[in-house]
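Subject: A structure for you to look at

Hi there,

Here is the structure I promised you. Please open it and keep it beside you while you read my notes below.

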Amino acid sequence: MSRKNDQIYQALKNDLHTGRLLPGEKLPRGIELAERFGVAHLTIRRVLERMRNDGYLEIRKGVGIFAMPQESSQQVLMTNGYLVDIHALFPRPVQTALSRAGYVFRLFDHRQLADTPQRARELFKLHHDFFLFDGLAEYPWQLLDMVPEGTRRIAYNRYERPDPPEEMAMVLFDAEHAGYAAARLLLDNGRRRLAVLTGQQPWPCSNICDFIAGARRAAAEAGDAECRIVHDMPLSGEAMHELLLGKERCDGIFGTIDAMLLPVVNAAGKYKLRIPEDLSLIGLGNTPWAKTHGFTTIDMRADSMAGEILKVMTQKIPRKVMVKGQLVIRESCPAAAAQRKHIAAEDRQPRIG
């Protein structure tokens, strides 16, 4: 086969492995594929016949061409600390992507493994090609020491520890960009006294530090804005009153989780503050709370991160990918027409480091 045919073959095979084509899904018509790849219909027919012969496709006469389920011998072990959180953005998108790509995976709560080291050691004796973990600051890092050589380690969403090993790959949420984008939108809405609600004292190298850095950078660029950091959540009645009505009251708030904005909304109603006329709010996560209460928020694009994880898993060299969030505009912090144009033009592609 020609080089062009091989390129089309690999592209379609990649669609299968990354979940762009799901098992049992009908492929586009041959003429549409020919237009996509800029080749003759006959060329596409030859490639599809080759893929059928290799077990990737099923051709049903008079019906169409369908993707076949792909089996993989590659084993994946995943750990995180929020398996029972119904609002958690992960690991479901990653699980779905791995399943669609044919990987066999096991999923465990890292706290349970840390509490039962004998069980953890037995688990790590089993063969795994990949070890995926959400490396938040409270992660039991001793688990990484149990990962045998030959198992590729990939941190996703967060890696809140200094000096990651050179051989480790990372697909992380770009928290600094999120902090900057949230603060920038608040500033564009005329807000000059900003607050970032973190809910905890930041660990060194944590996402919280990156959120703060991004927000402060936007405030510094504005020149006439302030950005205060509020670590203690939930706030007492007195602290909330000071935040919203005090001498240095805030008029724009970014919550590093959507749910952090709920007590602010309740207090604003009590104090007869109008949202967004008197107070603008932006959250993070695009969770059901944001959708129910009309919060402008930053979608962490979990599906995009899952796709990037799959790409990294096919690479032989370590690499770092930063996935930028996407602003979702709702009532709590609207965007003028010019601002919407700016947001739409913003680079949302993953940043590779």
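Let's start with glutamate 242, which sits in helix H10 (residues 237–245); helices here are DSSP runs of H or I of at least four residues, strands are runs of E of at least two, and both are numbered from the N terminus. This is a predicted model, in which local features need pLDDT of at least 70, side-chain atom pairs count only at pLDDT 80 or more, and totals for chains, interfaces and linings use all residues. Residues are numbered from 1 along each chain as its sequence is written, and side-chain values use heavy atoms, with hydrogens and water left out.

Glutamate 242 has a relative accessible area of 38%, so it is partly exposed. Buried means under 20% relative accessible area, exposed means over 50%, and partly exposed is in between (1.4 Å probe, protein chains only). Together with Glu226, Glu238 and Glu248, Glu242 forms a negative surface patch. Such a patch takes residues with over 30% relative accessible area and no salt bridge, joining like charges within 9 Å and nonpolar side chains (Val, Leu, Ile, Met, Phe, Trp, Tyr) within 5 Å.

The whole protein

There are 14 helices and 15 strands. Of the 353 residues, 49% are buried. Contact means heavy atoms within 4.5 Å. Among contacts between residues at least 6 apart in sequence, 69% join residues at least 24 apart.

Which residues does threonine 43 touch, leaving aside its neighbours within four places in sequence? They are Asn5 and Ile8. Threonine 43 belongs to helix H3 (residues 41–53) and counts as buried because its relative accessibility is 17%.

Leucine 172, in strand S7 (residues 169–173), is buried too, at 8% relative accessibility. Outside the four places on either side in sequence, its contacts include Tyr156, Met305 and Val321.

Salt bridges

A salt bridge is a side-chain nitrogen of Lys or Arg within 4 Å of a carboxyl oxygen of Asp or Glu. Side chains of opposite charge can pair when their charged atoms come close. The structure holds 15 salt bridges. One of them joins aspartate 6 and arginine 50, with the closest N and O atoms 2.8 Å apart. This pair links distant parts of the chain: aspartate 6 is in helix H1 (residues 3–17) and arginine 50 is in helix H3, 44 residues apart. Aspartate 6 is partly exposed, at 30% relative accessibility, and so is arginine 50, at 26%.

Glutamate 122 and lysine 125 also meet in a salt bridge (3.3 Å, N to O). They are 3 residues apart in helix H6 (residues 117–125), so about one helical turn separates them. Glutamate 122 is partly exposed at 38%, whereas lysine 125 is exposed at 63%.

Some backbone details

Most residues other than glycine have a negative phi, and most peptide bonds are trans. Lysine 272, however, has a positive phi near 60°; this residue lies in the loop between H11 and S11 and is exposed, at 71% relative accessible area. Proline 276 is found in the loop between helix H11 (261–270) and strand S11 (280–284), and a cis peptide bond with omega of about 10° joins isoleucine 275 to proline 276. Arginine 301 has a positive phi as well, near 55°, but arginine 301 is buried, with a relative accessible area of 18%.

Happy exploring!

Conventions. Areas by Shrake-Rupley, 256 points an atom, 1.4 Å probe, with all protein chains shown as cover. Lys, Arg positive; Asp, Glu negative; His and termini not counted. Charge placed at Lys NZ, Arg CZ, Asp CG, Glu CD.
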